[in-house]
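Dear colleague,

Please find below the structure that I am handing over to you. My notes on it follow directly after.

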Amino acid sequence: TMTFQPTTTEAAGLHAAPSTAAAAAQPKGQPQPQAVRMFGRFQLVRLLGKSQHIMAWLVMDRDEQEFMLAIPRVQLTGQAMQDWQQKARRAARLNHPHLAQPVEVGEFDRWPYAAYERGTSVTWAERFSRQGIPAPDLAAWVVQAAQGLAYAHEAGVAHRDLQPFMLSVDEGGQVKVLGLDLAGRSSENHGALDELRAVRDAAVT
């Protein structure tokens, strides 16, 4: 089992490879085993998406329950670490049917994270890649996301980096916005109109 050992501060550091010794011990002609990539107590399953500021991973815990982790693109220390986790916890206090609340906010090896329950949900990016979305369904998704964002803005919380992999939809068509205020761009002022435009852009990407 391999642990989460990033070699750089970029997202590429999240990827682990099987050890040379393990590969050499594998009989020739047989497929090489996949390394188990760990991030603390979570097993990294696959990268769901990344932007300039944040990335999302599908992970499993030891009970094989799936979560989505939101992680910054760079490791953080000191005040930057505290600020990131404080924002995540503040967003977790917002209670709205279209805002995903992190079930855990933590840190591993200078990588802060917010963990969200996966359940039956998939990201918009996953749905877009699997099949076409009927226009009425897509319109309903955008309305739900906009309602969640409007509620967050009324509470003084913006998203700042809305992406298709930061929007989820479950089997019943319930949409939730993930990763509120985690982009780390506190110096920029993104109004509600900017956020709504981002939802629209994500829907047609």
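Helices (H or I, at least four residues) and strands (E, at least two) are DSSP runs, numbered from the N terminus. The model is a predicted one, in which local features need pLDDT of at least 70 and side-chain atom pairs count only at pLDDT 80 or more, while totals for chains, interfaces and linings use all residues. Residues are numbered from 1 along each chain as its sequence is written, and side-chain values use heavy atoms, with hydrogens and water left out.

I begin with a residue in a helix. Gln-144 belongs to helix H4, residues 135-154. Its relative accessibility is 13%, so Gln-144 counts as buried (buried means under 20% relative accessible area, exposed over 50%, partly exposed in between, with a 1.4 Å probe and protein chains only). Leaving aside residues up to four places away in sequence, Gln-144 touches His-98, Gly-173, Gln-174 and Val-175, where contact means heavy atoms within 4.5 Å.

Next, the sheet. Six strands form an open sheet with antiparallel pairing, in the order S1-S2-S3-S4-S6-S5; two strands pair if DSSP finds at least two bridges between them. Strands S1 (38-39) and S5 (104-108) are at the edges with a single partner strand each, so one side of each has no neighbour in the sheet. Strands S3 (residues 54-60) and S4 (residues 66-72) run antiparallel and are joined by 7 bridges. Met-60 is placed opposite Glu-66 in S4.

The salt bridges come to 7 in number, a salt bridge being a side-chain nitrogen of Lys or Arg within 4 Å of a carboxyl oxygen of Asp or Glu. One of them pairs Arg-41 with Glu-104, with the closest N and O atoms 2.5 Å apart. Arg-41 is in the loop between S1 and strand S2 (42-50) and Glu-104 is in strand S5, so this pair ties together parts that are 63 residues apart in sequence. Arg-41 is partly exposed at 30% relative accessible area, and Glu-104 is partly exposed at 22%.

Which residues form salt bridges with Asp-181? Arg-90 meets Asp-181 at 2.5 Å, N to O. That pair links distant parts of the chain, 91 residues apart, with Arg-90 in helix H2 (residues 78-92) and Asp-181 in the loop between S9 and H5. Arg-160 also forms a salt bridge with Asp-181, the closest N and O atoms being 2.7 Å apart. Here the two parts are 21 residues apart, and Arg-160 lies in the loop between H4 and strand S8 (167-169). Arg-160 counts as buried at 13% relative accessibility, and Asp-181 counts as buried at 1%, whereas Arg-90 is partly exposed at 34%. Salt bridges with shared partners also join Arg-46, Glu-66, Arg-118 and Glu-126 into one network.

Two backbone angles deserve a note. Most residues other than glycine have a negative phi. Asp-181, although not a glycine, has a positive phi of about 60°. Arg-110, also not a glycine, has a positive phi of about 70°; Arg-110 is found in the loop between S5 and S6 and is partly exposed at 40% relative accessibility.

Yours sincerely
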